[in-house]
Amino acid sequence: MGRTPRTPAPRKERAPGPRRLDAPRRVGGGARIFTTRPVSIDFATPEHRLTRADLEIRGIFHGEASYEGRIFFNNPKADHDTPRDREHGYAGSFYIFGHGGCLGDPGHCEVNEHARERYDYRAPHPLTLASKSVTVTDVVRDLARTNKEVTITIVPVITAANDLCDTDNVFRCEDMRLVSYN
Amino acid sequence: MADIRMRQGVHNLDASQVAAFRDAYRQMMRINDNRGYQVLAGRHGVPDWYCWHHQQNARVAQNMRLFLPWHRAYLYTWEMAMRDRVPGVTLPWWDWTLGPPRQNGLPAIFTQRTGADGQPDPLLGFRINLPQANPPVVRPTRRSPGSPSELPRQANVDDCMSRTEWADFSDALEDIHDQVHGWVSGDMGVIGTAAFDPIFWSHHTMIDRIWWLWQARNGNGNVPTDLLDEVLAPFNLQVRDVLNVHDLGYEYAAAQSVVPIGGTG
């Protein structure tokens, strides 16, 4: 049987479809680290009674990566490799369970709560900003013995992020404050 | 309490209970309508986004902390769907505070590729099928767990339980919850896809159990009255309906040890 010369079949061009989203991955450190200006802690000096001090972080964006926010006092050089002990100023962590980026059409993740009508009974937008509170009593009390001011450094360590997440600008908040109780 | 169903720890399930648990998930994973795994898991994040996290404000001036009530209603609905498939089965909790030799990170039953029957293990993962998402999510779930030493410890739970005020407790427990989601990482690590991972339900059962233990000490802990009438959409329940787990027909089994001593002979 003679062989027929084979000509390559015309290639079917695959229509470009939307890209698919891979699973979130653990990224770790490398995101931007934030350090506050010096903050007065004279409320915690030995002559004051201090039963509890909380670092309250308000207006936290949680629309993208999930992360651990490690809190260091008086250690602006802290990063994700810094030991989490008192010697290095570690005061505790908070955790953000992130949205994982926008999986909707344009505008799906835009929060517009201030523009609600009076009779709008729908649930609030899931990306309404969050708050976290971390009790830091012992660290503040210790530091107040020798310091009038402290800086607070937040080191984000990313536990889960997909391709929709900004892995540089991770920790974003509106406001922080130290709240003490006596 | 005769008709009350008992939820147990994953670490305490016997072989027949594990088999029933697997069977319920396996059957749910085969159903594509609103009785099945795909649709019910999609209530949490993508595509329905009903879940409540953090302190979202709605129409009231105070912060809305519906994280615990909403997830209790969700687990209740999920467990009912499980029992539609396998009567008698209940949701077991994953106690992530347990260390070796009882457990080391993820419970073993969630990490096996095949069950005792040789079939693919439905507790390992689920194939998400959301071609309509933007971008589409059509693939098996994945995990990337951290070191077991990074999981919350009993001391963290104790600290949480020591808080007597509702908002303080709810926020502290939610933070531990957030930590575990991040520890499992992969799809469990973000709100959008977390509920598709089969471990999600046992993690949240642990959270619900801690809330119930706290309620046993503190009552309802002054849950703000404004919250009681809030609807836990899309479930047919309000906050006041989920405060007592007995009203939902379940209870958490206490850890029990029996040491035979014998009589005088």
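Here is a short chat about a predicted model with chains A and B.

Student: Before we start, what should I know about the numbering and the model?
Tutor: Residues count from 1 along each chain as its sequence is written, while chains are lettered from A and ligands numbered from 1 in the order in which they are written. The model is predicted, so local features need pLDDT of at least 70 and side-chain atom pairs count only at pLDDT 80 or more, while totals for chains, interfaces and linings use all residues.

Student: How many helices and strands does chain B have?
Tutor: Chain B has seven helices and four strands. Both are DSSP runs numbered from the N terminus: helices are H or I with at least four residues, strands are E with at least two.

Student: And in which order do they run?
Tutor: From the N terminus, chain B goes β-α-α-α-β-β-α-α-α-α-β.

Student: How much of chain B is buried?
Tutor: Buried residues are 43% of its 265 residues. Buried means that 20 or more other C-beta atoms, placed from the backbone, lie within 10 Å of the residue's own.

Student: Switching topic, how many residues of chain A are in contact with chain B?
Tutor: In chain A, 32 residues are in contact with 33 residues of chain B. Contact means C-beta atoms, placed from the backbone, within 7 Å.

Student: Which element of chain A gives the largest share of that side?
Tutor: Strand 6 of chain A does, with four residues.

Student: What about contacts inside chain B?
Tutor: Of the contacts in chain B between residues at least 6 apart in sequence, 69% join residues at least 24 apart.

Definitions and conventions: Buried ≥ 20, exposed ≤ 12 C-beta atoms within 10 Å, placed from the backbone. Contact = placed C-beta atoms within 7 Å.
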